[in-house]
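The sequence and structure come first, and the description follows.

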Amino acid sequence: MLVTALDIVGTFAFALSGGLRAVENRMDVFGVVFLSFVAAVTGGILRDVLIGAVPPAALQSWLYVTIAIVAGLLCFFSYRRILRLARPVAFFDAIGLGLFCVVGTRKALDAGLSPLMAALLGMLTAIGGGLAADVLSARSPMVFRREIYALAALTGALLFALGDSVGVPDLVVAPLGALLATSFRLIALSHDWHLPASNPDR
Amino acid sequence: MLVTALDIVGTFAFALSGGLRAVENRMDVFGVVFLSFVAAVTGGILRDVLIGAVPPAALQSWLYVTIAIVAGLLCFFSYRRILRLARPVAFFDAIGLGLFCVVGTRKALDAGLSPLMAALLGMLTAIGGGLAADVLSARSPMVFRREIYALAALTGALLFALGDSVGVPDLVVAPLGALLATSFRLIALSHDWHLPASNPDR
Amino acid sequence: MLVTALDIVGTFAFALSGGLRAVENRMDVFGVVFLSFVAAVTGGILRDVLIGAVPPAALQSWLYVTIAIVAGLLCFFSYRRILRLARPVAFFDAIGLGLFCVVGTRKALDAGLSPLMAALLGMLTAIGGGLAADVLSARSPMVFRREIYALAALTGALLFALGDSVGVPDLVVAPLGALLATSFRLIALSHDWHLPASNPDR
């Protein structure tokens, strides 16, 4: 129940971020809904394709399409109002980040990957949708732009994968991993932490 | 026979659109042929990967490579002449759109997807090649730019998927779905219909 | 033993080229390592996904992640020094090109593809990483920009696929194919050979 609720709010926040990007690019209403869907589900789809779990889970339920349509239309018709909600959206986005990196790692472990590679796939689950939405907007992905986002997902995924590999039960280490990713992301946001940028003159 | 003929002219039109894009980007001759191939086959390849039908059908026949090479070289050596044929090319492109959205939906239904999700995959079959060619040209995809293109494919795919789900035989509803997509696209072109663009100031 | 050594130096050169691209785009340290990984493994991952060999080989070993992290950090901290090594890097990159196009063709043949399509997948194995790194940098891929790179890979892959299809043993035709691709690339570099660019005014 709780996981389903977190899944819905997290997916909704991801879909909003995709829709906002599309509006910034002045896409048409179809493009806005499409990018909401892409941002919401592509991470999970990439993971499922890479572990051979096809058709991907995201294509077997009406839920994510419905969430994407609602989020996309909200962005299309009320862009400025959604923008003003940036703080709660970032909060729910961080919750999605935590949940999806742990769920993705779990599925990758079940597919037989080693803990390290499973954590990488868990991170990809969490960041893949944003990556794809950025690529479809023909802009360099946000996650490479000094945000502590992918790193937060990777940290949570690694904690979960390593805990699992030494026998800690999921019921303990899954919430811990998700909580670590979510809170790392939120603390970085509130303290304005950034990763160092590269410098071609060095 | 008819389906094979439509498949060839549709694929050829798709390949031409990819090649034209590559020439506009002043790519080299390899890039032009490559983008013709990408525009011609990526939609079907995405669909096949997502439903687990690998290796994808497009990689199991010489036909599509041959079509792409011919189309690409035409674009490379006779760009302005092909441009002047924009109207017949758009006509055959619309035929490809109709055919591919229905064929894609059929394959997705056979893979066990629900009618709604199968229609989405059918649409992706029809628009995926253009999407990929745009991404490889580092520009924001045409289908998000107020064109009634993806929407036409989705409408035809939905008609086919819903007709199939209530038991209408393929022989009836497949041509109807393809015809709906193709004529919707052509009417939108000739009447200059567009989707509303989003507006970040709203 | 030799193949493993070539695999490591080739992967390392590919990873360096991804990392350099990321630094030019002023990505953060995470983005630089990520693009090194993408450039190193995406070609093989695309091939494995297309032939249904999932999870892809590149996700089943620590080796490639480790290579990508080392290469990425080198690019991040010592960009100018790596740039000054452009010639040896291009040399090892060409070795990777030769090796990966032959290995990719072999795997595609084993998956039942025809020699021509297997050679295409072999080429994709060799160029896919660079393509993906370019797309994630939101720039038009280098391989379409008059470089004799993909063409060299395709030539080597075709030699190997055709030799194999007429019964020449791998031990003979695999090194020949790799050598052809590598030396074609190196000769084109040293003689400044380029493919003709397209011209939208023609």
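## The interface of chain B and chain A

Between chain B and chain A about 2,600 Å² is buried, and carbon and sulfur atoms give 70% of this area; buried area is the accessible area (1.4 Å probe) that two parts lose on being put together, summed over both. On the side of chain B, the residues that lose the most area to chain A are B:Phe144, B:Pro200 and B:Arg202, which together make up 26% of what that side buries. The structure is a predicted model, in which local features need pLDDT of at least 70 and side-chain atom pairs count only at pLDDT 80 or more, while totals for chains, interfaces and linings use all residues. Residues are numbered from 1 along each chain as its sequence is written, chains are lettered from A and ligands numbered from 1 in the order in which they are written, and side-chain values use heavy atoms, with hydrogens and water left out.

The contact (heavy atoms within 4.5 Å) takes 33 residues from chain B and 34 residues from chain A. One salt bridge is found across this interface, where the term stands for a side-chain nitrogen of Lys or Arg within 4 Å of a carboxyl oxygen of Asp or Glu. A:Arg26 forms a salt bridge with B:Asp201, and their closest N and O atoms are 4.0 Å apart.

## The cavity

The structure holds one cavity of 30 Å³ or more, a cavity being a set of points on a 1 Å grid over the protein atoms alone where a 1.4 Å probe fits but cannot get out, whereas a pocket is an open set with protein on both sides within 12 Å along at least five of seven lines; lining residues have an atom within 4 Å of a point. The largest cavity has a volume of about 40 Å³, a volume being the space filled by probe spheres set on the grid points, which are joined across faces, edges and corners. Its lining consists of A:Val135, A:Ala138, B:Val135, B:Ala138, C:Val135, C:Ala138 and C:Arg139.

## The second largest pocket

The second largest pocket has a volume of about 690 Å³, and among its 26 lining residues B:Ala86, B:Val89, B:Ala90, B:Asp93 and B:Arg185 lie nearest its centre. Helix 5 of chain B gives the largest share of this lining, six residues, where helices (H or I, at least four residues) are DSSP runs numbered from the N terminus.

Terms used. Helices (H or I, at least four residues) and strands (E, at least two) are DSSP runs, numbered from the N terminus.
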